[in-house]
Amino acid sequence: MTRRRRVFEAVHKSVGYGVLVLAAVTIIFGLLHANAPNWMWVVLVLWWVTLGALVVMMERRGMAVTSYHAIWGDDPAHPGNAQPTAVPNKDHLDHLHPH
């Protein structure tokens with residue numbers, strides 16, 4: 001994977017997480033502005049906690065796939081696969097590009 005691609009991946013992921021935070025802040029301000037009932041706050045907090053727990057669970061199980069691996073697969077012929085990866089178990093990538 002080229003340096004340019006690694007920089008793109010880092011910036012793209014960081015900006016994406018930043019947008020998620022801004023969306024959450026916007027939702028909170030909307031609830032405050034609308035004087036939302038308590039059940040809406042409870043439902044949203046439960047939803048966000050559930051999504052967060054799923055993300056942590058999937059990351060720990062090695063189910064997180066970089067966009068490079070999603071596009072090109074885990075074939076050692078690709079230069080990006082010579083780099084260390086955050087994906088501990090790449091067996092689940094086989095369905096992306098069967099050999």
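**Note on the second largest pocket and its chain**

1. Helices α1 (3-33) and α2 each contribute at least two residues to the lining of the second largest pocket. The model is a predicted one. Of the helices, α1 gives the most to this lining, namely five residues.

2. The residues that line the second largest pocket are Tyr17, Leu20, Ala23, Ala24, Ile27, Trp48 and Val55. By class, seven of the lining residues are nonpolar, with no polar and no charged residues. The volume of this pocket is about 190 Å³.

3. On the fold: the chain has three helices and zero strands, and its order along the sequence is α-α-α.

4. On confidence: mean pLDDT for the chain is 83, with 82% of its residues at 70 or more. Among the elements, helix α2 (residues 38-60) has the highest mean pLDDT, 93, while helix α3 (residues 67-72) has the lowest, 78. Helix α2, with that highest mean, is also one of the two helices that each supply at least two residues to the pocket lining.

5. On burial and surface: 13% of the 99 residues count as buried. The chain exposes about 7,800 Å², and 69% of that area is supplied by carbon and sulfur atoms.

6. On contacts: taking those between residues at least 6 apart in sequence, 51% join residues at least 24 apart.

Terms used:
Residues numbered from 1 in each chain as written. Predicted model: local features only at pLDDT ≥ 70, side-chain atom pairs only at ≥ 80, totals over all residues. Heavy atoms only, no water. pLDDT = per-residue confidence, 0-100. Helix = DSSP H or I, 4+ residues; strand = E, 2+ residues; numbered from the N terminus. Buried < 20%, exposed > 50% of the residue type's maximum accessible area, 1.4 Å probe, protein only. Contact = heavy atoms within 4.5 Å. Areas by Shrake-Rupley, 256 points an atom, 1.4 Å probe, with all protein chains shown as cover. 1 Å grid on protein atoms, 1.4 Å probe; cavity = no way out; pocket = protein on both sides within 12 Å on 5 of 7 lines; lining within 4 Å. Points joined across faces, edges and corners; volume = space filled by probe spheres on them. Nonpolar A, V, L, I, M, F, W, Y, C, P; charged D, E, K, R; others polar.
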